[in-house]
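User: I would like to go through a structure with you. Could we begin once it is on the screen?
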Amino acid sequence: MTVIFTKSKGLTELETHYCPGCTHGIIHKLVAESLVELDLLNDTIGCAAVGCSILSYNYFNIDMIESAHGRAPAVATGVKRVHPEKTVFTYQGDGDLASIGTAEIVHAAHRGEKITTIFVNNAIYGMTGGQMAPTTLANQKTTTAPNGRDVKHCGMPLKVSEMLAQIPGAAYVARVSVHSPKAVRQAKKAIKKGFEYQMAGIGLSLIEVLSTCPTGWGLSPIDALLWLEENMIPYYPLGVYKSPEEA
Amino acid sequence: MAELRGTVDIETDRCKGCGLCTVACPVKIIIFKANSVNVKGYQPVTIQDPASCTGCGNCALMCPDSVITVERSSRKKETAHV
Amino acid sequence: MSRTLMKGNEALALAAIKGGCTHFFGYPITPQNEIPEFLARELPKAGGVFLQAESELAAINMVYGAAATGARAMTTSSSPGIALMQEGMSMLAAAELPCVIVNVQRGGPGIGSIQPSQADYYQMTRGGGNGDYRIISLAPSTVQEGAEMMLGAFDLADFYRTPVFIVSDGMLGQMMEPLDLPEKISRNLPAKDWTAVGHGGLRKPNTIKTLALDPVRLEQINNRLQDKFARIAEAECRYETYKTEGAEIILCAYGSTARIARNCIDLLREENIGAGMIRPQTLWPFPNRAFRNLTDSCRQILCVEMSCGQMVDDVRLAINGRIPVSFYGRSGGIIPVPEELVRQVKLILGRK
């Protein structure tokens, strides 16, 4: 008998504060496993953002820097420009990256910063109690759009991967999901690629991970996986939007 | 395809009872443990028919809290997820 | 280095390189653009990294990231850009990250003017970012002094693990004066074993953070920071006095205004009016002790600023009601002339 799955060495012993069924836990695991498999754990610096994942520095077994809301790509730029030989990543939610931090991620991509960004898109602001995010779907109910997102009033949801893929400095842009074992396996491949491309020094890698927020959505964790598959994937298609192989 | 057999170990006290593993299991042998509450106040899961476990690892793959360890015996070489 | 005529902004940039700056992140804004332009040319030649950020907001966060990994990082801006950076400054102070930040002050509030002012005194001493924190605030009044302060600023920041401001203004930034940069005298600095550089499998992970959800823990952190600020206040307070012996009226001014006040004092002395000056060289820690040592001859204090009155608050606190404190200022980027200060002093003293 060989152990084929156990808790990654890239994660600490601490139990996470995330809600039951929150897919942050899955994504943390995929990042941690990728770093261990690529033997990058000792030389990685993570930039934590503000959102439910603000405490991610307690869960990753690496040196980490807390960043102000939205600023992680700028902080990561500072880190990578000082230590280009280290592996640097940001881990951001949809408020952090798609709202307050949109300038920072666009310009980090524009400059071709050799960092990896894990963008957790769950179409809502989880930490602060379920408000509307730029990625909230049309007619989706949130605490600040109680009758559902009115696209005439506040615009259509923002498609980050499509937007960033146009930037020359963005080397690898992929959208994946974690709603099923098959999807999780694909997500792991994409995240690992994001770190491999960083090691190759090509440019910015961004992996957008469609995720659930059972608490914010008012659904059970299992129902939330279904909701993601039925509602988010049609609007946010999975796939590779930019790849060094194509370029 | 090589026949897979597996064993699953669940750290019951760290389980948050989210149930993602129960739907991920292809042979449906993971269930919520009846009348059970763990030290965190959640209803943990348990394996009801260990002999049927194929060692696919889907449960551990989906577990957000990494409380599941899966061992597998098979002739097929597999990269471990550690 | 031999004596050279240099523009204030460029002198600061040169001194930054000599002082050990390794990384600069900044955004253009008048009247300080000569600093990033000089560093864009010269910092890479000295083995450093220059990067123009997309905004001041990004720049201060790049400084934060670089400082967190042990670099000697710096940014420069002017008043409205500094306002944008306040969030970052609170983060830097809270995370105890060393760095140097230059403010070449211009008229405000809002977009204001591009002329010199001193209307950021509150920003430079009272924070402007959230929470209880202090940042060492150095205020030169000549090109030479600015360069010397910059030369020691990175060591100062590293010594206390805290940000350091250099408070300049549009006039000091643009004027050209002789510069004779001395050799740098290095401080004995502690090892930077707290940085986030990758643990190498040799130690527990380092985390740079400012969040502390447990109130007991956050109070402990605040108390520890306050202890540090008290040590800085004790050891790093700097000021200069000019003709204060037996003076009847003491002017208080810093930066460019202090030069004008000095000329005003010389003019008054020619008319046998006993005027002197206390010139803070650190705005924080403010030189309270200078105001405690005043002789009995001093009957009036006049605080002069290129603002509507900000440092005057600290003067009043330091004097604590013992002597009347007046204020004279110009705003909008207007620079007062010595003669108008002379008139003001005579008005206060009831002389013609």
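This is a predicted model: local features need pLDDT of at least 70, side-chain atom pairs count only at pLDDT 80 or more; totals for chains, interfaces and linings use all residues.

User: What does the secondary structure of chain A come to?
Analyst: Chain A has nine helices and eight strands. Its radius of gyration is 17 Å, close to the 18 Å that the globule rule gives for 247 residues, so chain A is as compact as a globular protein of that length.

User: And what box do its C-alpha atoms fill?
Analyst: Taken along the principal axes, the box is roughly 50 × 45 × 35 Å.

User: How much of chain A is buried?
Analyst: Of the 247 residues in chain A, 64% are buried. The accessible surface of the chain comes to about 8500 Å², and carbon and sulfur atoms account for 56% of that surface.

User: What share of the contacts in chain A join residues at least 24 apart?
Analyst: The share is 68%, counted among contacts between residues at least 6 apart in sequence.

User: Which residues of helix α4 in chain A are buried?
Analyst: Helix α4 of chain A covers residues 102–110, and its buried residues include T102(A), E104(A), I105(A), A108(A) and A109(A). In general, residues three or four places apart point the same way, because an α-helix has 3.6 residues a turn.

User: What follows that helix?
Analyst: G112(A) follows α4(A), and its phi is positive, near 65°.

User: Changing topic: is strand β7 of chain C mostly covered or uncovered?
Analyst: Strand β7 of chain C, residues 163–169, is mostly covered, with seven of its seven residues buried. On one side the buried residues are P163(C), F165(C), V167(C) and D169(C).

User: Which strand pairs with β7(C) over seven bridges?
Analyst: Strand β5 of chain C, residues 99–105, pairs with β7(C) in the parallel sense over those seven bridges. Within this strand pairing, I101(C) has F165(C) as its bridge partner. Strand β6 of chain C, residues 136–138, also pairs with β7(C) in the parallel sense, over three bridges. There, S137(C) stands opposite F165(C).

User: Finally, which chains have the most contacts between them?
Analyst: Two pairs of chains touch, and the most contacts are between chains A and B. No contact joins chain B and chain C. The closest C-alpha atoms of chains B and C lie 17 Å apart.

How values were computed. Residues are numbered from 1 along each chain as its sequence is written. Chains are lettered from A and ligands numbered from 1 in the order in which they are written. Side-chain values use heavy atoms; hydrogens and water are left out. Helices (H or I, at least four residues) and strands (E, at least two) are DSSP runs, numbered from the N terminus. The radius of gyration is taken over C-alpha atoms; the globule rule is 2.2 Å times the number of residues to the power 0.38. Buried means under 20% relative accessible area, exposed over 50%, partly exposed in between (1.4 Å probe, protein chains only). Contact means heavy atoms within 4.5 Å. Accessible areas come from the Shrake-Rupley method with a 1.4 Å probe; for residues, only the protein chains shown count as cover. Two strands pair if DSSP finds at least two bridges between them.
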